[in-house]
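Thank you all for coming.

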Amino acid sequence: MTAALHDLCGLPSGSRAAVFTSGGVIALAVAQVLQAAPARALALNWRVRNASVTRLSFGRGRVSLDSFNEVGHLPPGERSWR
């Protein structure tokens, strides 16, 4: 996961990438971006909703969390945890 995040940060300026993965990988990426202790990834993992969107901005060797766990694109009846 760390290598994949590093590769994304190395994309040319203005690039966009879509990555589809599981909640555990999302939680690990968010914890890393926030420089949180690895144990925080476990807590974050319980908050990741199915089909949610997490947005990261990257460039110049940096990565920032723009949003976490967005579900506004889903009708209320289709929002679920697991």
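Predicted model: local features only at pLDDT ≥ 70, side-chain atom pairs only at ≥ 80, totals over all residues.

Residues are numbered from 1 along each chain as its sequence is written, and side-chain values use heavy atoms, with hydrogens and water left out.

Let me begin with the strands. Strand β1, residues 53-59, pairs with strand β2, residues 62-70, in the antiparallel sense over six bridges; two strands pair if DSSP finds at least two bridges between them. Helices (H or I, at least four residues) and strands (E, at least two) are DSSP runs here, numbered from the N terminus. Within this pairing, Phe58 stands opposite Val63 in β2. The hairpin has two residues between the strands, and Arg60 takes a positive phi near 55° in it.

The structure holds one salt bridge, a term that means a side-chain nitrogen of Lys or Arg within 4 Å of a carboxyl oxygen of Asp or Glu. The partners are Arg55 and Glu70, whose closest N and O atoms are 3.0 Å apart. This pair links distant parts of the chain, with Arg55 in strand β1 and Glu70 in strand β2, 15 residues apart. For accessibility, buried means under 20% relative accessible area, exposed over 50%, and partly exposed in between, with a 1.4 Å probe and protein chains only. Arg55 counts as partly exposed because its relative accessibility is 44%, and Glu70 is also partly exposed, with a relative accessible area of 27%.

Now, which residues does Ser52 touch, not counting residues up to four places away in sequence? They are Asn69, Glu70, Val71 and His73, where contact means heavy atoms within 4.5 Å. Ser52 lies in the loop between α3 (38-45) and β1, and it counts as buried because its relative accessibility is 15%. A polar atom of the side chain of Ser52 lies 3.0 Å from the backbone oxygen of Arg49. Glu78, in the segment after β2, is 26 residues from Ser52 along the chain, and their C-alpha atoms are separated by 11 Å. Glu78 is exposed, with a relative accessible area of 54%.

Turning to the backbone, most residues other than glycine have a negative phi. Asn69, which is not a glycine, has a positive phi of about 70°; its place is in strand β2, and it counts as buried at 14% relative accessibility. Gln35, likewise not a glycine, has a positive phi of about 55°, but Gln35 is found in the loop between α2 and α3 and is exposed, with a relative accessible area of 73%.

Last, the surface. Met1, Val25 and Leu28 make a nonpolar patch of about 220 Å². Val25 is found in helix α2, residues 23-33, and counts as partly exposed at 31% relative accessibility.

Technical notes: Polar contact = N/O pair within 3.5 Å; in protein donor to acceptor, adjacent residues only side chain to side chain. Patch = residues over 30% accessible without salt bridge, like charges linked within 9 Å, V, L, I, M, F, W, Y side chains within 5 Å. Areas by Shrake-Rupley, 256 points an atom, 1.4 Å probe, with all protein chains shown as cover.
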